[in-house]
Amino acid sequence: MTVSNPLLQDFDLPPYSAIRPEHVEPAISQILADNRQAIDQLLATAHAEPSWQGLVLALDELNARLGRAWSPVSHLNAVCNSSEIRAAYEACLPRLSEYFTEMGQNKPLFEAYAALAASPQAGGFDVAQKTILEHALRDFRLSGIDLPVAEQQRYGAIQMKLSELTSKFSNQLLDATQAWSKHISAEAALAGLSDSAKAQMQQAAQARQLEGWLITLEFPSYYAVMTYADDRALREELYAAYCTRASDQGPHAGQFDNGPLMAEILDLRQELARLLGFANYAELSLASKMAESSEQVLQFLRDLALRSKPFAARDLQALQRFAAAQGCSELQSWDLGYYGEKLRQQRYSIAQEQVRAWFPIDKVLSGLFAIVQKLYGIQIKELSGFDTWHADVRLFEITENGQPLGRFFFDLYARANKRGGAWMDGARDQRRNACGQLISPVANLVCNFTPAVNGQPALLTHDEVTTLFHEFGHGLHHLLTEVEHAGASGINGVAWDAVELPSQFMENWCWEPEGLALISAHFETGEPLPQDMLDKMLAAKNFQSGLGMLRQLELSLFDFELHAAHGDGRSVLQVVESIRAEVAVMRPPAYNRFANGFAHIFAGGYAAGYYSYKWAEVLSADAFSLFEEQGVLNGETGRAFRQAILARGGSQEPMALFVDFRGREPSIDALLRHSGLVEEVA
């Protein structure tokens with residue numbers, strides 16, 4: 001059986017076409033059993049006088065084998081979801097949770113790490129090794145190493161249940177998204193939509209053997225209707241379906257309801273925090289983050305909200321006046337995108353849909369690669385002849401002076417049975433193994449853009465271009481690491497509230513004339529983006545940025561308050577309402593259940609950490625301000641950023657790395673200026 005199971009083989013890149021659901025459980029069970037036996041043997045020999053090679057590198061080898069099998073399974077569950085792969089994936093979750101809890105509560109293993117950290121040889125370790133040991137000892141404590149046996153067992157049971165519940169949350173959200181669609185047989189109902197949006201809907205209908213057009217809740221379809229559909233009733237219907245997904249409201253009320261799961265997840269997180277001696281889950285979350293306290297996070301968010309709210313109120317009043325002049329006297333949530341786009345067009349004579357023609361995917365990619373080549377001195381080439389999970393997937397390699405540094409997959413387009421959103425995950429970490437061989441990193445970069453239709457290339461909106469740059473920033477953080485220890489290479493060991501720095505940093509080049517010149521050309525003529533269009537885009541950059549900023553702060557405050565104040569008797573909905581009362585300038589309808597689809601905090605890693613986006617945006621805006629001073633494509637500044645931030649991964653605390661690059665601690669001024677949230681001086 002071992003021979004025929006691809007997940008138990010050594011491979012360079014995963015053999016996706018050979019992986020079957022029936023391979024998953026046997027492979028993971030075998031590897032976990034092998035690892036347990038190997039760790040017992042390792043501790044029997046290493047306990048007396050542990051060494052880096054005998055302890056840390058040996059564990060890295062075991063973790064790498066497990067990751068090599070589990071990473072492609074987890075990835076397939078996200079990008080090619082089926083009932084079979086889902087069942088196999090979920091069957092392994094409790095086993096993996098149990099294994100990692102065991103490791104975190106393994107007293108002899110903890111003692112071996114503590115002995116290594118206190119040994120004379122540790123004095124000669126490099127900074128990354130010292131950080132890895134420091135984080136390992138912290139993580140043992142956060143895994144309950146000091147708890148009595150009964151409480152350790154409860155910790156393990158909670159972790160296992162949370163693993164099951166968060167996966168179920170994600171599944172129900174995906175199922176709820178897939179469950180709703182609207183078949184349109186008369187094209188007049190789609191008035192206002194672009195030809196490309198209608199072609200995509202026609203393609204969706206044909207895929208289900210239907211005539212006409214099919215609207216779905218996949219983001220490209222949802223965005224097109226909410227931004228361009230003249231039919232207000234259609235917008236309202238779609239809005240109601242989208243914002244009630246997986247809830248007790250809307251067209252599938254109760255069918256995929258995440259409400260009970262959210263309550264149970266929050267209760268278990270609170271219990272976990274209390275077990276470990278923290279007042280609440282927010283405090284537990286911050287134990288491994290850059291922010292120093294709950295008070296610091298809340299003060300940061302509330303200060304930013306206070307500064308942003310007057311701008312947001314102004315944005316909303318302008319939108320209400322404009323909509324009223326167009327015959328909409330009472331602006332509602334399903335009108336914001338539509339009238340916002342109309343007002344943008346009136347003010348700046350520029351539309352997202354209009355600029356698509358200048359952002360064909362291959363031009364954007366070649367321009368993106370040219371930008372990072374100028375900044376970091378690397379080259380990127382496309383590879384062929386690789387195994388894949390879908391025909392649209394592409395594979396690229398990063399080299400420097402002819403030497404390969406790492407590879408990354410791009411899976412860019414929305415499709416059925418693929419999780420929504422955009423993300424990067426490290427498919428393989430850089431590390432030097434026990435034999436001295438350097439293993440290069442591999443990344444998966446996933447988006448949900450509108451695919452190519454009618455023989456045209458995929459054409460991106462500028463928002464989609466920005467998303468691509470964002471995810472590529474995460475990819476560069478993973479791939480350009482120079483750390484050779486798995487625990488701190490790439491994004492490993494990076495504080496969660498600093499991990500968005502390289503991604504948000506990359507977004508800046510989407511707005512710089514030098515960057516736009518490289519990533520844009522008309523898909524038919526090859527003509528560059530006209531100067532007047534560029535001027536209009538730049539003029540419109542901060543259009544309604546106050547509303548955008550306040551929305552992100554509302555989400556951040558809701559998440560943090562939910563985890564900091566859980567158990568005070570308020571329901572999720574009551575916390576939502578209290579935050580809206582504090583910061584929102586417009587209330588959505590009472591049936592809105594956005595929290596039921598808030599996968600970042602209920603099924604991702606952002607619980608009590610969604611503030612990270614704004615926290616890291618302060619860092620990224622301030623870091624980019626040095627490029628504004630020295631030249632946005634200045635290779636010397638680029639290489640300084642690469643060496644200070646990208647190359648060093650999780651080897652040191654983020655503030656130390658930032659200060660090393662910028663020469664001082666971060667200031668909020670650049671973020672406010674970039675967002676247009678400063679009063680103009682006459």
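This is a predicted model: local features need pLDDT of at least 70, side-chain atom pairs count only at pLDDT 80 or more; totals for chains, interfaces and linings use all residues.
Local features here need pLDDT of at least 70 and side-chain atom pairs count only at pLDDT 80 or more, while totals for chains, interfaces and linings use all residues. Residues are numbered from 1 along each chain as its sequence is written, and side-chain values use heavy atoms, with hydrogens and water left out.

Let's start with the cores. A nonpolar core is a set of buried Ala, Val, Leu, Ile, Met, Phe, Trp, Tyr and Cys residues joined through side-chain atoms within 4.5 Å. Buried stands for under 20% relative accessible area, exposed for over 50%, and partly exposed for what lies in between (1.4 Å probe, protein chains only). The largest nonpolar core has 139 residues, and those with the most contacts inside it include Tyr376, Phe408 and Phe472. Helix α12 (residues 294–325) gives the most to this core, namely 12 residues; helices (H or I, at least four residues) and strands (E, at least two) are DSSP runs, numbered from the N terminus. Apart from this core lies another, of 58 residues, among them Leu32, Trp70, Tyr89 and Trp423.

Contact means heavy atoms within 4.5 Å. Leaving out residues up to four places away in sequence, Phe408 touches, among others, Phe369, Ile380, Arg394 and Phe472.

α12 and helix α20 (residues 545–564) pack at an angle of about 150°, with their axes 8 Å apart; axes are lines fitted to C-alpha atoms, for helices over the stretch in contact, and angles run from 0 to 180 degrees between N-to-C directions. That makes α12 roughly antiparallel to α20, a label for angles over 145 degrees.

Helix α1 (residues 21–46) has 26 residues, which at 1.5 Å a residue should span 38 Å; its end C-alpha atoms are 37 Å apart, which agrees. The expected span is 1.5 Å times one less than the number of residues. Among the buried residues of α1 are Val24, Ile28, Leu32 and Leu43, and its buried residues pack against α2 (52–79), α3 (83–104) and α4 (107–118).

Thr399 has its place in strand β4 (residues 394–400), and Glu484 is found in the loop between α16 (462–479) and α17 (501–507). The contacts in the table do not count residues up to four places away in sequence.

| Residue | Relative accessible area | Contacts |
|---|---|---|
| Glu484 | 29%, partly exposed | Gln430, Arg431, Arg432 and Leu438 |

The C-alpha atoms of Glu484 and Gln129 are separated by 9.7 Å, although these residues are 355 residues apart along the chain.

Note on methods. Angles under 35 degrees count as roughly parallel, over 145 as roughly antiparallel, 65 to 115 as roughly perpendicular and the rest as oblique.
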